[in-house]
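Please look over the structure below before reading on.

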Amino acid sequence: MKRPDNLTTKIFLDGGDPNETREIIALLGFLDGQTTNPSLVAKNPLFQECSNGDTACTDDDLWRAYKEIVTEISPLVPESVSIEVYADKDTKAESMIEKGLELNTWIPNAHIKLPITTEGLKAASALTEQGLKVNMTLCFTQDQAAAVYAATKTANPGDVYLSPFVGRLDDRNEDGMSYVKNVVKMFKDSDHHVSPLVASVRSLEHFMYSLSLGADIVTAPGSILREWAEAGMPVPDSSYEYDAGELVAFDYQEKNLEEDWQNFDLSHELTDKGIERFAADWNNLLK
Ligand code: G3P
């Protein structure tokens with residue numbers, strides 16, 4: 001197989017295992033990038049070995065294992081590997097900046113993953129001003145997306161990824177894909193320094209609709225990419241009909257992307273819960 005000629009969306013693997021990256025590249029014939037997060041890398045045997053040993057893992061052990069995994073994935077994918085900083089509800093921007101700078105030295109194609117909170121946005125602003133690339137994660141509202149845009153104005157196209165999480169909105173009967181559609185529309189006539197990267201993809205339908213909407217990037221677990229390959233890697237056009245069933249759609253909201261980022265409402269329950277879950281998956285390995 002090879003990259004379909006009419007495919008404009010970049011395809012990333014959402015995972016934490018270089019063996020899976022190699023398998024997916026062999027299957028599809030290409031792969032543009034990879035996203036990782038603390039929950040995904042925590043499943044990697046390197047992490048599990050460390051936590052099952054006689055002595056508990058140290059924080060340094062975990063970061064060493066994360067580095068090893070990411071260093072192996074980096075040369076396999078041309079575009080980018082997203083590496084997430086540790087952040088819980090008390091983590092300050094200074095600590096995210098320091099970690100982000102360190103993670104950026106690991107590989108030449110890193111996007112530093114930061115949560116969309118006041119502290120995460122301060123860190124994003126500082127890191128992009130220094131020329132680093134970021135992936136702003138756990139995005140659930142157009143306000144959060146607009147704040148990311150406004151906080152990273154000095155970045156070049158491709159330097160800022162924005163990750164709307166589809167499946168977690170679907171989980172609470174809200175139509176995550178209608179939200180993605182709104183985000184794609186909001187950035188359509190912008191300067192494109194922010195690229196929507198569809199995340200928390202749970203089905204082939206999510207994946208296909210992301211392609212038909214012309215999202216810049218979609219990241220999907222290996223299971224969905226395998227399903228796509230089995231189906232012959234179809235690329236739907238804009239007439240693709242996505243069936244959201246009973247899920248409640250989000251209305252489009254006009255936002256002024258030129259506003260100060262601090263004026264946007266950054267709060268969302270799922271962002272808080274997501275930060276808690278990532279931190280817990282990491283901290284559980286230290287026990
Ligand atoms: O891309 C983000 C992803 O890893 C989260 O997915 O299924 O836990 O919502 P999920």
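The largest pocket holds about 470 Å³ of space. Its lining is made up of 28 residues, and those closest to the centre of the pocket are Asp-14, Asn-37, Leu-40, Lys-43 and Arg-168. The model in view is a predicted one.

Which helices and strands contribute to this lining? At least two lining residues each come from helix H2 (38–41), strand E5 (134–139) and helix H12 (269–284). H12 gives the most, with three residues in the lining of the largest pocket. By residue type, the lining of this pocket has twelve polar, nine charged and seven nonpolar members.

The pocket is also where the ligand is found: the space that the ligand takes is the largest pocket. Around the ligand stand Asp-14, Asn-37, Leu-40, Phe-165, Arg-168, Ala-199, Ser-200, Arg-202, Thr-219 and Arg-277. Asp-14, Asn-37, Leu-40 and Arg-168 have already been named among the residues closest to the centre of the pocket. This shell around the ligand divides into four charged, three polar and three nonpolar residues.

In the side chain of Asp-14, an N or O atom is 2.7 Å from an oxygen atom of the ligand. Ser-200 has a polar side-chain atom 2.7 Å from a ligand oxygen. For Arg-202, a polar atom of the side chain likewise lies 2.7 Å from an oxygen atom of the ligand. How much of the ligand does the protein cover? On its own the ligand has 310 Å² of accessible area, and the protein covers 83% of that.

How many cavities of 30 Å³ or more does a search of the whole structure find? The search finds one. About 60 Å³ of space lies in the largest cavity.

The residues that line the largest cavity are Pro-38, Glu-84, Val-85, Tyr-86, Ala-87, Pro-115, Ile-275, Phe-278 and Ala-279. H12 supplies the largest share of this lining, three residues. In residue type, the lining of the largest cavity has eight nonpolar residues, one charged and no polar. For the largest pocket, the corresponding division is seven nonpolar, twelve polar and nine charged.

Key. Residues numbered from 1 in each chain as written. Predicted model: local features only at pLDDT ≥ 70, side-chain atom pairs only at ≥ 80, totals over all residues. Heavy atoms only, no water. 1 Å grid on protein atoms, 1.4 Å probe; cavity = no way out; pocket = protein on both sides within 12 Å on 5 of 7 lines; lining within 4 Å. Points joined across faces, edges and corners; volume = space filled by probe spheres on them. Helix = DSSP H or I, 4+ residues; strand = E, 2+ residues; numbered from the N terminus. Nonpolar A, V, L, I, M, F, W, Y, C, P; charged D, E, K, R; others polar. Near = heavy atom within 4 Å. Polar contact = N/O pair within 3.5 Å; in protein donor to acceptor, adjacent residues only side chain to side chain. Areas by Shrake-Rupley, 256 points an atom, 1.4 Å probe, with all protein chains shown as cover. Sits in = over half its atoms within 2 Å of the grid points.
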